[in-house]
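Open the model in your viewer and keep the selection panel at hand.

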Amino acid sequence: MPEENARGVRRIFTRYSMASLLATGISQVVLLVMYGIWEAGAMTASTVAFLVGAVPHFLLIRRWAWGNKGTAGRSAEIVAYVVVTAAGGALSILITTGMDWLLDPLIHDHGWKTTSLIITYVASGAPVFLLKFFALDRVFRRSATKTPDTATDSQATTATTK
């Protein structure tokens, strides 16, 4: 049973990681377009990039990573996701905006500044990645166990028949 549970956690973490990479890719494209091409401010660009990546991330991790579907537990999942993701996003936005402020007098080429900002945005998300996973796992896994008729990868149970 512990080995089965470990495999389930690895599967969930792998899927969570893949969904996070996709969301980060989407965010990076938005950041590149808004900051690099449209020349929006760093705070605006990183905020919009964060929000655009957060929506598909939630949908993917809820359904694909943890296997949750339907409305059971969705309210708690949304609240937890918003709180955990907003905290991580606020940190990324502050770090990205602060780095832009620091680099402004040092780098005059907009292309290099954009590259630096994108690297900063990605690096700022790395420290909270695992913390977000474990915090969300507690909510999404607990939510999944409230709906025993829809066994998921996040549940360490055997199939039961009625």
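Accessible areas here come from the Shrake-Rupley method with a 1.4 Å probe. On that basis the chain exposes about 9400 Å². Carbon and sulfur atoms supply 69% of this area. Bear in mind that the model is predicted.

**Stop 1: the whole chain**

Select everything and colour by secondary structure. You get 4 helices and 0 strands. Read along the sequence, the pattern is α-α-α-α. The chain has 162 residues, and 39% of them are buried.

**Stop 2: the annotated spans**

Then take 78-98. Here the figures are 100% helix and 0% strand, with 29 Å between the end C-alpha atoms.

**Stop 3: Ile12**

Go to Ile12, in helix 1. Is Ile12 buried or exposed? Its relative accessibility is 0%, so Ile12 counts as buried. Trp66 is 54 residues from Ile12 along the chain, yet their C-alpha atoms are separated by 6.1 Å.

**Stop 4: Met34**

Stay in helix 1 and move to Met34. Met34 counts as buried because its relative accessibility is 12%, and the cut-off for buried is under 20%. Show its contacts, leaving out neighbours within four places in sequence. Met34 then touches Glu39, Ala40, Thr44, Ala45 and Val48. Pick out Ala45 from that set. Met34 and Ala45 are 11 residues apart in sequence and 5.4 Å apart in space, C-alpha to C-alpha.

**Stop 5: Glu39**

Follow the contact from Met34 to Glu39. Glu39 sits in the loop between helix 1 and helix 2. With 58% relative accessibility, Glu39 counts as exposed, since the cut-off for exposed is over 50%. Check the backbone as well. Phi of Glu39 is near 60°, a positive value in a residue other than glycine. Which residues does Glu39 touch, not counting those up to four places away in sequence? They are Met34 and His110.

**Stop 6: helix 2**

Select helix 2, residues 42-65. Colour its buried residues. Among them are Ala42, Ala45, Ser46, Ala49, Phe50, Gly53 and Ala54. Further along the buried set come His57, Phe58, Ile61, Arg62 and Ala65.

Val52 touches Ile26 and Val30, not counting residues up to four places away in sequence. Leu31 is 21 residues from Val52 in sequence and 9.9 Å away in space, C-alpha to C-alpha.

Step past the end of the helix. Gly67 follows helix 2, and its phi is positive, near 75°.

**Stop 7: the largest pocket**

Finish with the empty space. Rolling a probe the size of a water molecule over the atoms shows where such space is left. The largest pocket holds about 450 Å³. It is lined by 23 residues. Select Ser20, Thr24, Gly125, Phe129 and Lys132, the closest to the pocket centre.

Which helices each supply at least two residues of the lining? Helix 1 (2-37), helix 2 (42-65), helix 3 (74-103) and helix 4 (110-145) do. Last, colour the lining by class. The lining has 11 nonpolar, 11 polar and 1 charged residues.

How values were computed: Residues numbered from 1 in each chain as written. Predicted model: local features only at pLDDT ≥ 70, side-chain atom pairs only at ≥ 80, totals over all residues. Heavy atoms only, no water. 1 Å grid on protein atoms, 1.4 Å probe; cavity = no way out; pocket = protein on both sides within 12 Å on 5 of 7 lines; lining within 4 Å. Points joined across faces, edges and corners; volume = space filled by probe spheres on them. Nonpolar A, V, L, I, M, F, W, Y, C, P; charged D, E, K, R; others polar. Buried < 20%, exposed > 50% of the residue type's maximum accessible area, 1.4 Å probe, protein only. Contact = heavy atoms within 4.5 Å.
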